[in-house]
Amino acid sequence: MNRTSVPIILLLLIPLAICLPFQEKKEPQITKSMIEAAETLFGLKFNDAKRDSMLENLEGMLKDYESIRTVPLPNSVMPVVQFNPIPQGFRFEKTRKPFKASPASKVKRPA
């Protein structure tokens, strides 16, 4: 780093340092006690370290489910009961053709 880049970096970091203390601290929606309650409900047992590592992932999953619930889905939309990978309107060939194997290439057997 040269001497001119240090003041520029400091000028960029000062507004960030000023704004950080004023940001609202959002309380987590999922707490360790909630995880412990779920453990007893499902008959599981985790230690504190595993509960801590779960918190961030569970918060992310909760946000994902909340975003899914924002999609309007009226009752008139039928649920999917079958998966069909064939695209709509695709037509198979009606005539059967005999199987034609390509000639085998020369394969060297291992020694």
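Colleague: Is Lys32 buried, partly exposed or exposed?
Modeller: The model is a predicted one, in which local features need pLDDT of at least 70 and side-chain atom pairs count only at pLDDT 80 or more, while totals for chains, interfaces and linings use all residues. Residues are numbered from 1 along each chain as its sequence is written, and side-chain values use heavy atoms, with hydrogens and water left out. A residue is called buried under 20% relative accessible area, exposed over 50%, and partly exposed in between (1.4 Å probe, protein chains only). The relative accessibility of Lys32 is 32%, so this residue counts as partly exposed.

Colleague: How many helices does the protein chain have?
Modeller: Helices (H or I, at least four residues) and strands (E, at least two) are DSSP runs, numbered from the N terminus. From that end, the elements of the protein chain run α-α-α. Zero strands are present, and the number of helices is three.

Colleague: What share of the protein chain is buried?
Modeller: Accessible areas come from the Shrake-Rupley method with a 1.4 Å probe, and for residues only the protein chains shown count as cover. The protein chain exposes about 11,700 Å², of which carbon and sulfur atoms supply 63%. Among its 111 residues, the buried share is 5%.

Colleague: Which residue forms a salt bridge with Asp52?
Modeller: Side chains of opposite charge can pair when their charged atoms come close. A salt bridge requires a side-chain nitrogen of Lys or Arg within 4 Å of a carboxyl oxygen of Asp or Glu, and the structure holds five of them. For Asp52, the closest N and O atoms of the bridge are 2.8 Å apart, and the partner is Lys32.

Colleague: Which residue forms a salt bridge with Glu36?
Modeller: Glu36 is partly exposed, at a relative accessible area of 35%. In its bridge, the closest N and O atoms are 3.8 Å apart, and the partner is Arg51. Glu36 lies in helix 2 and its partner in helix 3, so the pair ties together parts that are 15 residues apart in sequence. The residue asked for is therefore Arg51.

Colleague: What is the N to O distance in the salt bridge of Glu39 and Arg51?
Modeller: Both of these residues are buried, with relative accessible areas of 3% for Glu39 and 5% for Arg51. The side chains meet in the bridge at an N to O distance of 2.6 Å.

Colleague: Which residues are linked with Glu36 and Glu39 in a network of salt bridges?
Modeller: Contact means heavy atoms within 4.5 Å. Leaving aside neighbours within four places in sequence, Arg51 is in contact with residues including Ile35, Glu36, Glu39 and Phe46. A polar contact (a pair of N or O atoms within 3.5 Å; within protein, one must be able to donate a hydrogen and the other to accept it, and residues adjacent in sequence count only if both atoms are side-chain atoms) also joins the side chains of Arg51 and Asp48 at 2.7 Å. The network links Glu36 and Glu39 with Asp48 and Arg51.

Colleague: Which residue forms an aromatic pair with Phe90?
Modeller: Rings of Phe, Tyr and Trp (its six-membered ring) pair if their centres lie within 6.5 Å; planes under 30 degrees apart count as stacked, over 60 as edge-to-face and the rest as tilted. One aromatic pair is counted by this rule. The pair is edge-to-face, with 5.0 Å centre to centre and 85 degrees between the planes, and the partner of Phe90 is Phe92.
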